[in-house]
Amino acid sequence: MIEARHLRVLRAVADSGSFSAAARELGCTQPAVSQQMKALEQSAGTPLLVRAGREMRLTQAGAALVRHAAGILAGLTAAEEEVAAIAGLRAGRVRLVSFPSGSSTLVPTALAAMRAAHPGTRISLVEAEPPRSVAMLRDGDCDVALAFRYAGAEGSSGAGAGTGGGSGAGGAAAAAEWDDLVVRPLLTDRLVGLVPEGHRLAGAEELGMADLADEPWIAGCPRCRRHLVEVCEGVGFTPRIDFATDDYPAVAGLVGAGLGVAVLPELALESVRAKGVSTLAVVPAVEREVVALTLPDLARVPAVAATLAELERAAAR
């Protein structure tokens with residue numbers, strides 16, 4: 001019989017490439033990892049790993065088992081949590097991962113409400129941008145992922161909002177991006193233009209992306225950066241990106257110092273003190289969809305369902 005603890009070790013070996021690296025990740029010894037892999041291969045009745053130089057590689061059977069491991073482990077977690085709730089223990093846990101602007105705006109309100117309503121539920125938080133956060137959810141490393149995708153861009157949902165896309169092959173890719181997950185829409189977040197206070201466009205009510213074609217740019221996270229390039233190329237120019245940072249206050253600081261222009265989501269601006277910066281509405285509107293994601297099995301866990309509900313309430317405020 002295949003045991004869950006053996007599957008966790010196999011996945012760690014597959015991710016890290018060696019028994020010793022997997023042991024460090026799992027906080028155990030290398031011999032313990034080796035013994036558990038031998039036990040798993042005996043249960044499976046076939047080799048799962050082969051040594052190639054200093055690395056361990058998966059056999060075809062090993063690759064198949066790793067492919068199923070995330071769903072199996074998520075299902076086991078869901079079963080444990082649901083049984084505990086039915087038994088009246090009310091001592092669940094939720095592992096939440098969020099992108100930074102969500103962590104500073106939506107998450108605090110939701111977690112405060114969870115603590116007040118369900119003091120026995122433990123909630124942890126780590127930060128990661130999509131697609132990394134979505135991969136963590138699928139790998140069983142979190143229970144709820146706060147994520148976003150841009151309307152009209154490859155890997156986004158729905159039709160374009162000012163970006164001229166979202167249909168055909170791009171729309172099909174968008175629809176498939178999260179089709180194995182439970183998706184709770186939270187809000188639509190518009191991008192806002194940022195220019196230095198002394199800029200020729202400062203004080204204008206709105207701007208088109210083409211108005212900034214000749215400007216130096218400050219870009220954000222990798223997904224935001226890629227989307228910025230797509231939007232700009234859609235209106236006829238490629239942005240000259242002089243600076244790139246995942247830190248939104250740093251973006252505002254660079255703009256305020258006169259080093260370039262930027263666009264940021266409205267959600268990010270809620271927690272940024274933008275000194276020396278003028279904000280302008282971008283037209284046509286460029287939007288991103290902010291959602292909470294979980295696996296179908298986990299959506300039935302009471303603590304996870306309550307967390308999703310509180311995130312929806314926080315977004316509606």
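pLDDT is the predictor's confidence in each residue, on a scale from 0 to 100. The structure is a predicted model, in which local features need pLDDT of at least 70 and side-chain atom pairs count only at pLDDT 80 or more, whereas totals for chains, interfaces and linings use all residues. Residues are numbered from 1 along each chain as its sequence is written, and side-chain values use heavy atoms, with hydrogens and water left out.

The chain has a mean pLDDT of 87, with 91% of its residues at 70 or more. Over residues 154-172, however, pLDDT stays under 50, and for this stretch the model has 40 contacts (heavy atoms within 4.5 Å) beyond four places in sequence. Where pLDDT is low, the predicted coordinates should not be read in detail.

Two helices, taken as DSSP runs of H or I with at least four residues and numbered from the N terminus, form a pair whose members are listed here.

| α1 | 4-16 | Val9, Ala12, Val13, Ser16 |
| α2 | 19-26 | Phe19, Ala21, Ala22, Glu25, Leu26 |

The axes of α1 and α2, which are lines fitted to C-alpha atoms over the stretch in contact with angles running from 0 to 180 degrees between N-to-C directions, come within 8 Å and cross at roughly 120°.

Elsewhere, Thr188 lies in strand β6, residues 182-196 (a strand being a DSSP run of E with at least two residues). Beyond its neighbours within four places in sequence, Thr188 is in contact with Glu287 and Arg288, and its C-alpha atom is separated by 12 Å from that of Glu312, 124 residues apart along the chain.
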